[in-house]
Amino acid sequence: MTSNDVTPGQSAPQSTPQPAGSTPLKVAVLGAAGRMGATVCAAVEAAPDMELVARIDAGDDLAQVAAAGAQVAVDFTVPSVTEDNVHALIDLGVHAVVGTTGWTDESRGRLIAHLGRRAAEGTSVGVLIAPNFGLSAVLAMTFAAKAARYFESAEVIELHHPNKVDAPSGTATHTAHAIARSRAAAGLGASPDATESGWEARGADVDGVRVHAVRLRGLVAHEEILFGNEGEQLIIRQDSFDRVSFMPGVLLGIREVVSRPGLTVGLENVMDLS
Ligand SMILES: NC(=O)c1ccc[n+]([C@@H]2O[C@H](COP(=O)([O-])OP(=O)(O)OC[C@H]3O[C@@H](n4cnc5c(N)ncnc54)[C@H](O)[C@@H]3O)[C@@H](O)[C@H]2O)c1
Ligand SMILES: O=C(O)C1=N[C@H](C(=O)O)CCC1
């Protein structure tokens, strides 16, 4: 799932000015009344190479997406509905960029099967699911995956606004899985831990990595990845102070998904960081 689509030397996802005479990409937003959805609507409206054609929220008919001529739909809804939304978008022949969390191995498996069935029938669309579109978060996860094999201990702390409905965050789960894969590939066992009681204070076990979730008024989205060895420590930290920080990644995903049939998981693949 790698690509070379990011220009060498380009340091961050860039907005693409619309070449004279080209047709803007038609975009629908699902969850348009939400915190992220509203921010995405504004970003799409401001992008010279895109046109916002539909704002969809709870209770709206998804057929409006196709009726409006959308080529790409962006889903920032809630974990309980995102899978059904994406299956419906595939059936409509609309590419999907998905920021909503809650995806599991099982739901991704069902999605891959659904994409395969529709592709066999001649409807080939792309789906990009990214637990975090923030450049700082994508880089933090990438650095953490690289660092993981060099440290005996690894734990993750994610910190979010208190209106968030799921825990641990999709970003922390994605990070923990990447750390676990690196540790396993390096032949590392479990992080040392002599805990005998009070396990509820030790966070969630995600693939053998302890993940701690903080919910605090004033926060937006933040993550710390802690690594330890005898006599040394590495902490990788990223902070999204404002939801606008996710927009360059979302716009990049919209531009890229149309030429990536099938499922891509993680913006790191689109940014050639994997
Ligand atoms: N990937 C990322 O970079 C990133 C960044 C921020 C948030 N998120 C995730 O995005 C999701 C949304 O976050 P938020 O803070 O915007 O939440 P929110 O609660 O502010 O917005 C969700 C919106 O979805 C709407 N909705 C519910 N069911 C729907 C349906 N069936 N069809 C259409 N709309 C529906 C709700 O009415 C609401 O307006 C969460 O899962 C969050 O974790 C991801
Ligand atoms: O605000 C949220 O909710 C966020 N959710 C994502 C996650 O669960 O990782 C990304 C950051 C913001």
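Ala, Val, Leu, Ile, Met, Phe, Trp, Tyr, Cys and Pro count as nonpolar, Asp, Glu, Lys and Arg as charged, and the others, Gly among them, as polar. Sorted that way, the shell around ligand 1 comes to 13 nonpolar, 10 polar and 2 charged residues. Keep in mind throughout that this is a predicted model.

How many residues surround ligand 1? There are 25, and the closest are Gly31, Gly34, Arg35, Met36 and Gly99. Helix α1 gives the largest share of this shell, with 3 residues.

## Around strand β1

β1 has parallel pairings with two strands. With β2 (residues 50-56), the pairing runs over 6 bridges, and Leu30 sits opposite Ile56 of that strand. With β3 (residues 72-75), β1 pairs over 4 bridges; here Val29 has Val74 as its bridge partner. Helix α1 (residues 35-46) comes into the picture too, as β1, α1 and β2 form a right-handed β-α-β unit. That is the α1 which supplies 3 residues to the shell around ligand 1.

## Two domains

Next, zoom out a bit. The protein splits into domain 1 (25-132 + 244-270) and domain 2 (135-241). Note that domain 1 is written as two stretches of the chain. The C-alpha centres of the two domains are 27 Å apart.

Where the domains touch, 13 residues come from domain 1 and 13 residues from domain 2. On the domain 1 side, α7 (247-257) and α8 (267-270) each bring at least two residues to the contact. That side of domain 1 has 6 nonpolar, 6 polar and 1 charged residues.

Which residues are around ligand 2? They are Thr101, Pro131, Asn132, His160, Lys164, Ser169, Gly170, Thr171 and Ala221. By class, this shell holds 2 nonpolar, 6 polar and 1 charged residues.

Why does ligand 2 lie between the domains? Domain 1 (25-132 + 244-270) and domain 2 (135-241) both contribute residues to its shell, so ligand 2 ends up between them. You can check this from the numbering: Thr101 is part of the shell and falls in the 25-132 stretch of domain 1, while His160 is also in the shell and falls in domain 2 (135-241).

Most residues other than glycine have a negative phi, and most peptide bonds are trans. A few spots here go the other way. One of them is the cis peptide bond that joins Ala167 and Pro168, with omega at about -10 degrees. Pro168 belongs to the loop between β6 (153-160) and α6 (170-185).

Then there is Asp207, which is not a glycine but has a positive phi of about 55 degrees. Look for Asp207 in the loop between β7 (204-206) and β8 (209-215). Is Asp207 buried or partly exposed? It is partly exposed, because it has 14 other C-beta atoms within 10 Å, and a buried residue would need 20 or more.

Asp272 also has a positive phi, near 60 degrees, without being a glycine. Asp272 is in the segment after α8. With 14 C-beta neighbours inside 10 Å, Asp272 counts as partly exposed.

Notes: Residues numbered from 1 in each chain as written. Chains lettered and ligands numbered in written order. Predicted model: local features only at pLDDT ≥ 70, side-chain atom pairs only at ≥ 80, totals over all residues. Near = placed C-beta within 6 Å. Domains from an automatic or database assignment. Contact = placed C-beta atoms within 7 Å. Pairing = 2+ DSSP bridges. Right-handed = clockwise from strand over helix to strand, strands pointing away. Buried ≥ 20, exposed ≤ 12 C-beta atoms within 10 Å, placed from the backbone.
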